[in-house]
Each structure stands twice: as C-alpha cells, then as structure tokens.
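Grab a pencil and open the viewer beside the sequence. Try each exercise yourself before you read its solution.

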Amino acid sequence: MPNLLRPLFLATFASLALPATLRADPPVVNPVIPFEAPSPEGRIAGEVHLLPGSDPETVLVISGGSGVGVRSDTSAAINLFLNETTAVAIYDRRGFGDSSGSSTVPDTSNSAWLIPALGADLVAITDHLDELGYDRIGIVGSSMGGWINAAAAARSDSIDFAVSLVGGASSVSVSDTFDALTDTGLSIDAALEMTPGQAETIGYDPACDLAHASVPMLWILGERDDSNPSRLDIEVIESLALAGQPYQYILVEQADHNFLNVETGQVMLDWVPDMARFTASAGR
C-alpha cells in the first residue's frame, strides 16, 4: 500500500508554485475556515480554503494515501485545485492532529475494516460541508484515498462526484500483490500477468461499493505505474461503465505512481484541465 500522496502533491505543488516565486507581488493570504465534523469516533477536524473575495458553490475534500495523517500532508493540493468557484478542504485523519479516534497503520488485512471506517469519516465531513451550504461536494483521493472514495460514495447522499488518482478500482490485495511483484524487479507487464493468480481474497475490495455508488467518478491513472496496476483498474472501470455506472478514466502516458514521466523525470500535469472540466460539470 504505497504512500503516494505526499510526494505527488508536493511535486505538483512545486511545479505550480515556482512561477509565483518569480513575481514581486506580496503574497496573498487565502481565507481559512476551520471545522469539526461529528464522526463515528468523535470528531474529524479540518479546514476549508477559499480564494479572497470568492463565494464558491463547490468544495473538494482531499484524502491522501496510506502514509498521510495530518492535514498539512495534503496542503499542497490547495494550490493545485483552488479557484474562484471551488474551495478545497483538508483534514486530519482519525487519530492524528486534532481529530479524535485511534490511529492505525494500514495494511492489506486490516484494510477490510479500516477503509470503510475512513470512508465513514469522509462522509461525516461531506455531510458537515453540505450543512454549511455548499451546493456541490466532490471528493478527491490518491492511492489509498481512492478506496476511501469508493467506501464513502456508496454510503453518502451528500457527495456529488469523485476523482481517484492512481488507484482505487482494484482490490487492496490485488494492488499490494502487484506492488510486491514489481518490487522484486518484475516488469509491469509480467506483474500484471501474475497478479490475478497470486492475490488473496483478504482486505478491502471496492467492487460492491463501486457497484452500489451512483455518483460520477473519474480515475486518473499512470500508464507506467509500478505500484498500482492501472490496467487491472481499467478493466474494473470499463466493466462497471458497461453495466451503466457513470465512470470514466484518463490514462496518463509515461506517468508513474507520482505522475512523474519515467523517461524525463518531469511532473506531468496534462490531466489537470481534464479533471477541472469533469469537476465543473459532474453531479448526480
């Protein structure tokens, strides 16, 4: 269960923030609205970021990968997604920062209960934001956050759309098996061939949740991702789409699990405008 989100968002944030460092204008301080959402284990604490003078109708709630704990781990996503019409919410995972509950290190086995529990926390946040008056609420998760998206979307009436980055369609066991195989030096193609036969039926499987959810979902996957099996994710997404689910995906060529080009090492952001178009129009 790779820890994607911090390197991903720090890398993409750095590429977006660089031009700002070249300007002489004084930095603008964005409004920040703290919140505490009642949750099954007490409360989930976080904050909503807005552009000065804006009155956004849409808010994106960011969920990170397996190594994410406090809200600052995902804070670089703010500059990536914040605009005049969209606010961005980040939060402390249960047991971290100002959120109550017990912290748990995720693994394949405990993901069977942990992912749904984290999904329930995400639903608590979206329900709270709905009560605050946001017209459209989207959830954006990367790596393990994609599974949290699936668990939340199947259990909520307050979520309007979801975006999952580099994961969240195959089961945790399938993803972790693939990751372990590539870690031995196997090629992506060889690992893709071996994974279905070696993956165990343990841990969280989003199949039922994805079949039950009714909100538009977009997956953005790396073609050269050697941590999550993008091709197996696509098989799941296409099967569900054929069954009538409002699901789609974007495959970013040459991109690894951190959206870095495997040939050049450059951060790849070609998918951001496509995601923006999806989030601007998607809804129940």
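**Exercise 1. Find which residues E57 is in contact with, leaving aside its neighbours within four places in sequence.**

Step 1: Apply the rule, and E57 turns out to be in contact with T85, Y134, D135 and R136.
Step 2: Place E57 in the chain, where it sits in the loop between β2 (42-49) and β3 (58-63). Helices (H or I, at least four residues) and strands (E, at least two) are DSSP runs, numbered from the N terminus.
Step 3: Compare sequence and space: E57 and E84 are 27 residues apart in sequence, and their C-alpha atoms are 9.5 Å apart.

A note on what you're looking at: this is a predicted model, where local features need pLDDT of at least 70 and side-chain atom pairs count only at pLDDT 80 or more, while totals for chains, interfaces and linings use all residues. Residues are numbered from 1 along each chain as its sequence is written, and side-chain values use heavy atoms, with hydrogens and water left out.

**Exercise 2. Work out the strand order of the open sheet.**

Step 1: Recall that two strands pair if DSSP finds at least two bridges between them.
Step 2: Walk across the 8 strands, and you get β1-β2-β4-β3-β5-β6-β7-β8, with mixed pairing.
Step 3: Pick out the edges, β1 (32-39) and β8 (247-252), each of which pairs on one side only.
Step 4: Zoom in on one pair: β3 and β5 (residues 136-142) run in the parallel sense over 6 bridges, and S63 stands opposite G141 in β5.
Step 5: Helix α3 (residues 111-131) lies across β1, β2, β3, β4 (86-91) and β5, at about 125 degrees to β1. For that angle, axes are lines fitted to C-alpha atoms, for helices over the stretch in contact, and angles run from 0 to 180 degrees between N-to-C directions.

**Exercise 3. Describe how W219 and Y247 form an aromatic pair.**

Step 1: Know the test: rings of Phe, Tyr and Trp (its six-membered ring) pair if their centres lie within 6.5 Å, and planes under 30 degrees apart count as stacked, over 60 as edge-to-face and the rest as tilted.
Step 2: Count the aromatic pairs in the structure, and you find 3.
Step 3: Classify this pair: the centres are 5.3 Å apart with 75 degrees between the planes, which is edge-to-face.
Step 4: See what the pair links, namely W219 in strand β7 and Y247 in strand β8, 28 residues apart.
Step 5: Check the cover, and both W219 and Y247 are buried.

**Exercise 4. Why do the buried residues of α6 line one face of the helix?**

Step 1: Name the buried residues of α6 (residues 188-198), which are A191, L192 and T195.
Step 2: Look down the axis of α6: the buried residues fall within an arc of 105 degrees, so they line one face. The arc is that of the directions from the helix axis to the C-beta atoms.
Step 3: Bring in the general rule: an α-helix has 3.6 residues a turn, so residues three or four places apart point the same way.
Step 4: Turn to the face away from the buried side, which carries the exposed residues E193 and G197.
Step 5: Find the packing partners of the buried residues of α6, which are α5 (172-183) and α8.

**Exercise 5. Is S143 buried or exposed?**

Step 1: Find S143 in the loop between β5 and α4 (144-153).
Step 2: Read its relative accessibility, 4%, so S143 counts as buried.
Step 3: Note its phi, near 55 degrees, a positive value in a residue other than glycine.

Key: Contact means heavy atoms within 4.5 Å. Buried means under 20% relative accessible area, exposed over 50%, partly exposed in between (1.4 Å probe, protein chains only).
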